[in-house]
Amino acid sequence: MDYLIIILITFISGVVGTGLGGVVGAVLKRDSNKIVSLLLSFAAGVMLAVVCFDLMSEPIEMMKEGTLPSLTPLIVVAAVIAGFVIVYFLNLLIDKKTNHEVKHIDENHPSTADDLDELIHSDHYQSHKASKSNLFVAGLVMMFAIALHNLPEGMVIGASYAIMPDVTASVFSGSGFIIAIVIGLHNVPEGMAVSVPLISGGMSKPKAIMLTALSGLPTVFGALLGFALGGINDIMLVLSLGFASGAMLYVVFGELLPESILMWRSKLPAFALFIGVITGFLLVMF
């Protein structure tokens with residue numbers, strides 16, 4: 001029963017979230033920088049709160065109960081570093097497949113998105129308007145890269161549910177559900193990054209949206225893997241939580257915050273981050 005619940009939750013977070021991004025990419029008028037900036041900052045705050053107040057605190061509580069060895073902090077740090085580095089390289093792969101195609105990406109321009117068109121990579125496709133085949137191939141590359149990127153994000157959800165004594169009773173509460181919601185929101189711009197080039201490359205909108213949604217399917221497999229590993233024993237649970245924390249910390253500090261601040265050079269993204277942290281804290285506590 002627990003596995004069925006996790007499949008359902010992560011299907012909504014991964015497939016529906018990415019598919020929603022595909023729909024938005026098909027109809028969006030690209031003048032929403034400020035709104036997207038605030039949403040990214042808020043999501044970053046919620047993620048940060050869940051990592052600090054829940055995922056990273058769980059091994060500490062287990063150590064106090066005497067169920068883990070004294071080397072646990074080093075194990076946690078190693079797992080956090082692994083999660084951070086792996087997601088970093090997956091994002092580097094995505095950027096490498098796109099950024100070099102745009103002439104304005106140089107030493108005088110930030111490599112992180114500072115515009116909605118850059119965030120969803122539609123600027124790359126505008127530079128290839130003359131060749132629909134190039135646009136289509138770019139969309140396929142983006143689809144497979146994001147599908148690979150969604151695997152560790154799914155592990156974050158699975159590991160979060162692994163610390164719950166009864167998944168069925170607390171499916172809509174706790175860090176697992178919160179992370180699933182935030183990752184689902186995070187998947188929206190990723191879905192836009194897939195659908196825009198596919199549609200610009202000549203694919204019909206329904207088919208492009210369907211393929212975009214399918215790129216979120218690895219989230220489900222990752223969640224099942226994270227939940228299964230976390231349920232083996234206490235050490236594996238600590239490793240899963242550490243990996244999940246590292247993955248989320250990169251998403252927060254390597255993606256969401258830089259993009260939100262560059263997209264709207266204002267103090268308001270900081271306030272949105274603050275509200276996100278407070279909201280995440282309250283959600284974890286209650």
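Select Ser13 first: leaving out residues up to four places away in sequence, Ser13 touches Thr18, Ile157, Ala180, Ile183, Gly184 and Asn187, where contact means heavy atoms within 4.5 Å. The model is predicted, so local features need pLDDT of at least 70 and side-chain atom pairs count only at pLDDT 80 or more, while totals for chains, interfaces and linings use all residues. Residues are numbered from 1 along each chain as its sequence is written, and side-chain values use heavy atoms, with hydrogens and water left out.

Ser13 belongs to helix 1 (residues 2-27); helices are DSSP runs of H or I with at least four residues, numbered from the N terminus. With a relative accessible area of 4%, Ser13 is buried (buried is under 20%, exposed over 50%, partly exposed in between, with a 1.4 Å probe and protein chains only). Display Gly184 as well: its backbone nitrogen lies 3.2 Å from a polar atom of the Ser13 side chain.

Next, select Asp54 in helix 2 (residues 33-55). Asp54 counts as buried, at 13% relative accessibility. Apart from neighbours within four places in sequence, Asp54 is in contact with Ala49, Ile163, Ser175 and Val284.

Finally, select Phe53, Phe274, Ile275, Ile278, Phe281, Leu282, Met285 and Phe286, which make a nonpolar surface patch of about 830 Å². Such a patch joins nonpolar side chains (Val, Leu, Ile, Met, Phe, Trp, Tyr) within 5 Å, from residues with over 30% relative accessible area and no salt bridge. Helix 12 (residues 268-285) gives the most to this patch, with six residues. Ile278 is found in helix 12 and is partly exposed, at 38% relative accessible area.

Conventions:
Patches are made of residues with over 30% relative accessible area and no salt bridge: like charges are joined within 9 Å, nonpolar side chains (Val, Leu, Ile, Met, Phe, Trp, Tyr) within 5 Å. Accessible areas come from the Shrake-Rupley method with a 1.4 Å probe; for residues, only the protein chains shown count as cover. A salt bridge is a side-chain nitrogen of Lys or Arg within 4 Å of a carboxyl oxygen of Asp or Glu. Helices (H or I, at least four residues) and strands (E, at least two) are DSSP runs, numbered from the N terminus. A polar contact is a pair of N or O atoms within 3.5 Å; within protein, one must be able to donate a hydrogen and the other to accept it, and residues adjacent in sequence count only if both atoms are side-chain atoms.
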